[in-house]
Amino acid sequence: MRDPKLFEYWFTRVIIWLLVLSLGYVGSRLIGNIYYNKLTKLSEPIQDYRQNYQEQINKEDDPFKLAKFGRIMLKTGSTDLALTAFSKTTELDAGWRDGWVAKGFVELKLQKTKEALDSLKTAEKIDPINPLTYELLTIVYEQTGDIKSSQFAREKWQYLNKSQ
């Protein structure tokens with residue numbers, strides 16, 4: 001026969017373990033909910049920050065300030081705001097090569113290959129001897145599968161880099 005004390009001992013241990021696991025589960029759920037609530041409260045200021053910067057971009061009419069702002073947004077990882085800033089830069093000063101190159105770079109980063117190609121071709125028309133334009137055009141042409149244009153852009157980029 002079985003010893004009743006041994007059964008009671010093991011039964012008590014199982015009950016204690018079930019209680020410990022249940023308390024751990026409930027505790028982790030409570031901590032998770034508290035953490036989640038804090039994160040959602042933190043996301044509100046982030047949305048306000050993004051809206052504030054979007055308003056600043058809309059109000060600004062100096063392309064050089066917008067370009068500086070776009071570079072800051074790019075460094076902070078807000079590529080969509082950077083694109084908005086550089087797009088407005090090119091609207092305000094359509095003849096500024098660096099604005100088009102920066103816009104093309106951000107579009108390339110956002111995997112908007114067709115738009116990047118258009119922006120970089122515009123930069124190329126404005127200044128056909130800028131090495132950065134051809135470096136980025138090489139990447140865009142490679143992504144679109146245009147090997148011939150990619151080779152031409154690479155050769156021009158290498159030539160312009162040597163002459164500087």
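Modeller: Helices here are DSSP runs of H or I with at least four residues, and strands are runs of E with at least two, numbered from the N terminus. The model is predicted, so local features need pLDDT of at least 70 and side-chain atom pairs count only at pLDDT 80 or more, while totals for chains, interfaces and linings use all residues. Residues are numbered from 1 along each chain as its sequence is written, and side-chain values use heavy atoms, leaving out hydrogens and water.

The structure contains four aromatic pairs (Phe, Tyr or Trp rings, the last by its six-membered ring, with centres within 6.5 Å; planes under 30 degrees apart are stacked, over 60 edge-to-face, the rest tilted). One of them joins Phe-7 and Phe-11, a stacked pair with 6.0 Å from centre to centre and 20° between the planes. Both residues belong to helix H1 (residues 4–59), and because they are four residues apart, about one helical turn separates them. Phe-7 is exposed, at a relative accessible area of 55% (buried is under 20%, exposed over 50%, partly exposed in between, with a 1.4 Å probe and protein chains only). Phe-11, at 48%, is partly exposed.

Another pair is formed by Phe-64 and Trp-96, whose ring centres are 4.7 Å apart and whose planes stand at 65°, so this pair is edge-to-face. It links distant parts of the chain: Phe-64 lies in helix H2, whereas Trp-96, 32 residues apart from it, lies in the loop between H3 and helix H4 (97–109). Phe-64 is partly exposed at 46% relative accessibility, while Trp-96 is buried at 18%.
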